[in-house]
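Subject: Structure handover

Hi there,

Here is the structure I promised to pass on to you. Have a look at it first, and then read my notes below.

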Protein chains: 2
Amino acid sequence: MRWTHTLDPLFTPASIAVVGASNKEGKVGYLVVRNLIASGFSGPIYPVNRKDPEVQGLKAYPSVADIPGTIDMAVSCVPARFVPSVIEEAGEKGARSGVIITAGFSEVGKDGKDLEREVEDIADRYGMRLLGPNCLGLVNTQHHMNATFASRTPREGGLAIISQSGAVCVSVLDWAEQNRVGFSKFISVGNKLDIEEADLIDYLKDDDPTRMVMMYIEHIRSGREFIEAARGATRTKPVLALKAGRTKAGAKAASSHTGAIAGADSVYEAAFRKAGIMRVRRLTEFFDFAKAFTQLPLPRGGSVAIVSNAGGFAVVSSDAVADEPELRMASFTRDTLDLLSERLPAEANIYNPVDVLGDARLERYQLSIEAMLADDNVDSVVVIMAPVGATMVASIAQWIADLGETLEKPVVTCLMGGADMEAGIRILRESRVPNFDSPERAIQTLGGLARFVKQAASPEPGPPVLMMGDRDAVQNAIDDVLSQGRLSMSEDEGYELLRAYDVPVPPTAVAKDADEAVAIAREMGYPVVLKVASSEIAHKSDMGGIAVGMDSDGSVRDNFHYIMRTVRQRMPRARIDGVTIHKMVKGREIIVGINRNDTFGPVVTFGLGGIFVEILKDVSTRIAPLTRQDIRSMITEIKSFPILAGARGQRPADLDALEDLIARVTQIAIDFPQVQELEVNPLLLGEEGEGAWAVDALITLRGSDE
Amino acid sequence: MRWTHTLDPLFTPASIAVVGASNKEGKVGYLVVRNLIASGFSGPIYPVNRKDPEVQGLKAYPSVADIPGTIDMAVSCVPARFVPSVIEEAGEKGARSGVIITAGFSEVGKDGKDLEREVEDIADRYGMRLLGPNCLGLVNTQHHMNATFASRTPREGGLAIISQSGAVCVSVLDWAEQNRVGFSKFISVGNKLDIEEADLIDYLKDDDPTRMVMMYIEHIRSGREFIEAARGATRTKPVLALKAGRTKAGAKAASSHTGAIAGADSVYEAAFRKAGIMRVRRLTEFFDFAKAFTQLPLPRGGSVAIVSNAGGFAVVSSDAVADEPELRMASFTRDTLDLLSERLPAEANIYNPVDVLGDARLERYQLSIEAMLADDNVDSVVVIMAPVGATMVASIAQWIADLGETLEKPVVTCLMGGADMEAGIRILRESRVPNFDSPERAIQTLGGLARFVKQAASPEPGPPVLMMGDRDAVQNAIDDVLSQGRLSMSEDEGYELLRAYDVPVPPTAVAKDADEAVAIAREMGYPVVLKVASSEIAHKSDMGGIAVGMDSDGSVRDNFHYIMRTVRQRMPRARIDGVTIHKMVKGREIIVGINRNDTFGPVVTFGLGGIFVEILKDVSTRIAPLTRQDIRSMITEIKSFPILAGARGQRPADLDALEDLIARVTQIAIDFPQVQELEVNPLLLGEEGEGAWAVDALITLRGSDE
């Protein structure tokens, strides 16, 4: 077996056919051949061109079939309609991977979509993995392979980039060259006909040269695989994602350009969190983090030292440190303070942020930075400079740039100004030390490093909570409802389903007449709630079908009659099975909702009922399955959690019972893919020891073949 | 009268003495003389130097007294201890303004502070206005006067900058030169011994060449004057402020470098809001807005058109537009769509964001941008470019730069990349069109322009609400309490004070014995609350001194005895006046608090009581006096406002009564400077028509001489 990973044929092919190879400068087929040659690809390159016998000095072939022997990979630069035959011929020749640079597939509409399916079928037959279509191609610098039509070959380094936008790739390449950022892999995924982020992350997690993975994402197709793959990678390597199309306007723009429908942003947020992916929200961060993570050592913690020749910038920097959750201002050791107080002028501030004063030259920066790097209380260093003359700035920048080669703690700089700073900025660009145009950006970047360090050091999440239930009973209930052509379950059916998974529901029974109602109520114990029993009435309260707080035989009897009469009058055609009697339970109103997302599966939402969810939107969201830790954190992270914890002299709520209930309803959604939506609203949560009750459940199914 | 504004002698002196003028390159006294000469100052410059008879070719004088005739302004570059005599001599010579560049005053401690007071007294005697000490000096480009020791003279333009940090000034100058941003005035305020932001804004509001004012602020001294001056300016000119020391860490850093104590950030937030000042939170925005506001025309509204050669960046840009409250994506007119569909390739996206595709050259950008500028539905344009080769980028940039000279709508660009973009970025820097390193920054800047346009177009705020009250009664009550050596008012004293300003309080009376208590309760009507009447007992509830919900003669009688007995047992030495009977009122709990801020005066805070204030921190804050509009907006802007508006089927609260009550308690704080704190907690707010009641008031005074 030559390959150990399914993507090895893509990343390390021994031979490559370029279909549509060209001698015409500027054409895609020209650029791909040129880049393969220029990047030093060591295996045979077979240009395929119908007319030219030679392409860029290499012997060319009229078709893939004419290539002697076998090939490992085919790169397609021919128009879309020719792609199926190219893939077919490549398969015949033994190719196990294909890069379809060609555009004109699903992004242009239905015909393109059909063409994609056709290509997919052919590739499946030959066991080929396909990248694209509608992409820039890929680069593996370690394999000396640049199979893209980009204008340059990136230098070798630690960054792997996966992008759904070719143009973003091009900009990143151009920027990276200028900022001394090198790549391990560079993958433009295009329409993701076959290979998608999940496959690539799974490959990159064991790729030693890859120090970090950055993704530009507009839409994820296989959500669960994506999360699974990323979880495997994110404890050892930072994996960052910029998710574009966060907003409605953005999603609209994304769909017009890729044809993909973007999911709700909160779901992506939960998915990234589950996967351990660091989300970046702005393109500037995308670039800033790329440089920092690939060029700097990781900090041990979040303690920051600042040196500045400008008090004002030191103040702004201190604000920025306070804004970053993982950072704090370092307190220097006695040694550092002694040294700074001895060597800096009396007017300088030797406490963090250190102010070396406006007339500082290299020496003061040098001794301050060296002291900070030697100080065990300091995890990272920010160097800030207001103009002190272009020559001096350049000399300080050069010293820092040289220092950058042997750093054991991250150092970032911030040269604030214009012309006086240009030479210094240029020197730092070429160095390992990232320079920023504001202290805030510099410090946010350090915050990102600290966040990853904290995440990597956090204990492994435990296993997902597994709850047992009577699966047969639930399956039967679901099949029953579906067989009647319904998708919504009635309240009683909902209760039955919850009971099968030991979700506590208030005792309940259906009474056919008033005597039976009274007998049931007495046995349950007062107070009780009466509700009309009918799967055909949705808004029971509006129909006069509910009576709460019944605390005597008389009131049960009267209200039984009242409900039956009123509902019959208002909905004469509805089937009414009688009146359901519920034992009335007490507690705080909670909402737990589960919604099956097409991409990521069941998404669990939690919040306090009433105004907290409806008005304050104070909810937490996670993607199933949930660990104990997930459940606890989703309970504690809502802003109104102190209410449950027992704020203002109240007794704490029964959080154990709440956790258990969340775990059980989540298990139902996991076990039964037909459950589209399951909302417990309200869940009534008692005080410690009193338990939690699912008082009403809205359950919506989806057809089995959806 | 030569001067019409008190700061005219500072901005347009006819003659200047430079005390401490020097021939030694690099010294402050050298640089100031050099800058005055280089900037083309047209009046006489008198260098003062003890030894040299000539400084930089100008006749020098051994002392200010030796200068022939009179002078308008003196610039001090001599050590701090000589400054008092310099100011004295300058005053004698008729100077009406002084610029004290010299450091070593209040920023170094008490001695320096004393020296400042001494200098202030001398200046007062001569009616001189002083800038500094511990500053960089000032520039008035229109007066051809650079009285700073900065390394360059800024070009003429529309930006006035006021900065509390000299180093920030230097960085801004360096940046501005590179980015073609010119200045009208440039003022480094230093320690603000005399002249502060309020004076300067008041001057700049009528200074025609000044198109916008930007401030770097660490601390404001005269808060009310600051707000007043800014209100006068901000409807016609954008006034922006970066407030450093927002956070605890930042404030600490600021105090170590200027000796100023920063106020709570929410108070500054309220002050900027009242003043119409646009707050910038990051240094990058400070620079971005400076360029945009001085170089671009203002947009008519918030409708944005985007053109990009990269779909990915178009998506990110659409997200960024959605993130800006004042912006939205423009919908093109039919004409624009027709033109774009005719002239752009079929695969291009002609709807906003327009995608001109990766192979776009100048022509597609040109026709798209021209169509957008001609489209009445478009207020501003964002041009985004991924690399298309350095030469092509430069040619497109040049076309946009030329366009920039005649724009009637703002255009911003975003060249995303590295080396390929450098020439283009350089061209745009020199142009009026700001270029940004990310779409988010470009669009945030447009958001800033739109925010100003909206603010300038909003109706003038009405007059502050004025409430009448019995001032004598309140003054007597306050004097009484102070004369007893107390600073806290008792509950009854608080009620009395509130009643004097017609703030509704529940009917209340003190009963000496149980019979009287019953009689009072009957007259008020049940239910009532009983509270021990004593100004010496703070925590009445903890002492068993409160009984609520009394609804019968018997319960009043029993609880009267119980309270008297329990409190006497627990606090045998406290003076007890009996038991206060309160009519029990109902409603939602609200908190209205007023706290007198040393800088800005009474600060009013509003929120729903209980968890909303304590746990969710859902409050709004304004600085008194309040207009009707202020009161309304502070009520409606809290997140929990829907609860008052009548969410979830409840009746709306009595907002009119609430507004009135807020206005009345605010008036008390305005009328009586001795009121340090006045908190109505709870205020009970009934439903529409039911009124609002101040049920408890905590009033704290401060000594009259504070």
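Predicted model: local features only at pLDDT ≥ 70, side-chain atom pairs only at ≥ 80, totals over all residues.

A word on terms before anything else: helices (H or I, at least four residues) and strands (E, at least two) are DSSP runs, numbered from the N terminus.

Residues are numbered from 1 along each chain as its sequence is written, while chains are lettered from A and ligands numbered from 1 in the order in which they are written.

Chain A as a whole

Chain A has 24 helices and 30 strands. Taken along the principal axes, its C-alpha atoms fill a box of roughly 95 × 80 × 40 Å. Of the 706 residues in chain A, 54% are buried; a residue is buried if 20 or more other C-beta atoms lie within 10 Å of its own, exposed if 12 or fewer, and partly exposed in between, with C-beta atoms placed from the backbone.

How the two chains sit together

Chain A superposes on chain B by a rotation of 180° with 0.0 Å of shift along the axis, at an RMSD of 0.1 Å (least squares on the C-alpha atoms of residues with pLDDT of at least 70 in both copies). The two copies are therefore related as by a two-fold rotation axis. Leu616(A) is the residue of chain A that comes closest to this axis, its C-alpha being at 4.8 Å. Both copies use the same surface, since 99% of the contact residues of chain A recur in chain B. By contact I mean that the C-beta atoms of two residues, placed from the backbone, lie within 7 Å.

Chain A puts 72 residues into the contact and chain B 71 residues. Several helices of chain A give two or more residues to its side, among them H5 (166–178), H8 (248–258) and H16 (439–457). H11(A) gives the most, with eleven residues. By class, the side of chain A holds 33 nonpolar, 22 polar and 17 charged residues.

Helix H11 of chain B

In chain B, helix H11 covers residues 311–323. Its 13 residues should span 18 Å at 1.5 Å a residue, and the end C-alpha atoms are 19 Å apart, which agrees (the expected span is 1.5 Å times one less than the number of residues). Twelve of the 13 residues of H11(B) are buried, including Phe313(B), Val316(B) and Asp319(B).

Back to Ser318(B): this residue counts as buried because it has 29 C-beta neighbours inside 10 Å. Leaving out residues up to four places away in sequence, Ser318(B) touches Thr247(A), Ala249(A), Gly250(A), Lys252(A) and Ala253(A), as well as Met329(B) and Pro353(B).

A sheet in chain B

Seven strands of chain B form an open sheet with mixed pairing, in the order S9-S8-S11-S10-S12-S13-S14. Strands pair if DSSP finds at least two bridges between them. At the edges are S9 (145–148) and S14 (278–280), each pairing on one side only. Strands S10 (residues 156–163) and S11 (residues 183–188) of chain B run parallel and are joined by six bridges; Glu156(B) has Phe183(B) as its bridge partner in S11(B).

Best wishes

Key: Nonpolar A, V, L, I, M, F, W, Y, C, P; charged D, E, K, R; others polar.
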